[in-house]
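Subject: Structure handover

Hello,

Here is the structure for you to look at. Please open it first, then read the notes below.

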Amino acid sequence: MTTDEIILVAFRGTEAVKDFITDLNVDLIAGPLGGEVHEGFSEELTPVWGTIKQTIANFRGAGGKSLWFTGYSLGAGLATLAVARLLNKGDPVDGLYTFG
């Protein structure tokens, strides 16, 4: 979602059997910023990551819109990982709000 001032990327929580399987894939793998991340979250985010980055770029355009992420439950993990991936590449993020 976007307005004249902000871009908000929101990730939904667990709702389907596939999501529960993702939640249970708790092995840790190498992640951005030199840490480790939940393998299930990384595997869920990776296939859509290019589309997310391109959509943000399209929404941002030439303007200086602030970029915010949010998510609930599974979405909180995905939002956190998305922010870490962007920060790892030096892309600015203005805020992250997660809840469980």
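Contact here means heavy atoms within 4.5 Å. Axes are lines fitted to C-alpha atoms, for helices over the stretch in contact, and angles run from 0 to 180 degrees between N-to-C directions. Helices (H or I, at least four residues) and strands (E, at least two) are DSSP runs, numbered from the N terminus.

A word on the source. This is a predicted model, in which local features need pLDDT of at least 70 and side-chain atom pairs count only at pLDDT 80 or more, while totals for chains, interfaces and linings use all residues. Residues are numbered from 1 along each chain as its sequence is written, and side-chain values use heavy atoms, with hydrogens and water left out.

Overall fold

The chain has three helices and five strands. Their pattern along the sequence is β-α-β-β-α-β-α-β. The radius of gyration (taken over C-alpha atoms) is 14 Å, close to the 13 Å that the globule rule gives for 100 residues, so the chain is as compact as a globular protein of that length. That rule is 2.2 Å times the number of residues to the power 0.38. The C-alpha trace spans about 40 × 30 × 20 Å along its principal axes. Of contacts between residues at least 6 apart in sequence, 65% join residues at least 24 apart.

The sheet and its helices

Two strands pair if DSSP finds at least two bridges between them. Three strands form an open sheet in the order 1-4-5, with parallel pairing. Strand 1 (6-11) and strand 5 (95-99) stand at the edges. Each has a single partner strand, so one side of each lacks a neighbour in the sheet. Neighbouring strands are turned by 15° against each other on average, direction ignored.

Strand 4 and strand 5 are joined by five bridges, in the parallel sense.

Now the helices. Helix 2 (residues 39-60) lies across strand 1 and strand 4, at about 160° to strand 1. Helix 3 lies across strand 1, strand 4 and strand 5. Its angle to strand 4 is about 150°.

Surface and salt bridge

Buried means under 20% relative accessible area, exposed over 50%, and partly exposed in between (1.4 Å probe, protein chains only). Buried residues make up 39% of the 100 residues. The chain exposes about 5,900 Å², and carbon and sulfur atoms supply 59% of that. These areas come from the Shrake-Rupley method with a 1.4 Å probe; for residues, only the protein chains shown count as cover.

There is one salt bridge (a side-chain nitrogen of Lys or Arg within 4 Å of a carboxyl oxygen of Asp or Glu). It joins the side chains of glutamate 15 and arginine 12, at 3.6 Å from N to O. Glutamate 15 is exposed, with a relative accessible area of 60%. Arginine 12 is partly exposed, at 43%.

Two backbone points

Most residues other than glycine have a negative phi. Leucine 33 is not a glycine, but has a positive phi of about 65°. This leucine 33 sits in the loop between strand 2 (28-30) and strand 3 (36-38). Leucine 33 is exposed, at 53% relative accessibility.

Serine 73 also has a positive phi, of about 60°. Serine 73 lies in the loop between strand 4 (66-72) and helix 3 (74-88). At 32% relative accessibility, serine 73 is partly exposed.

Best wishes
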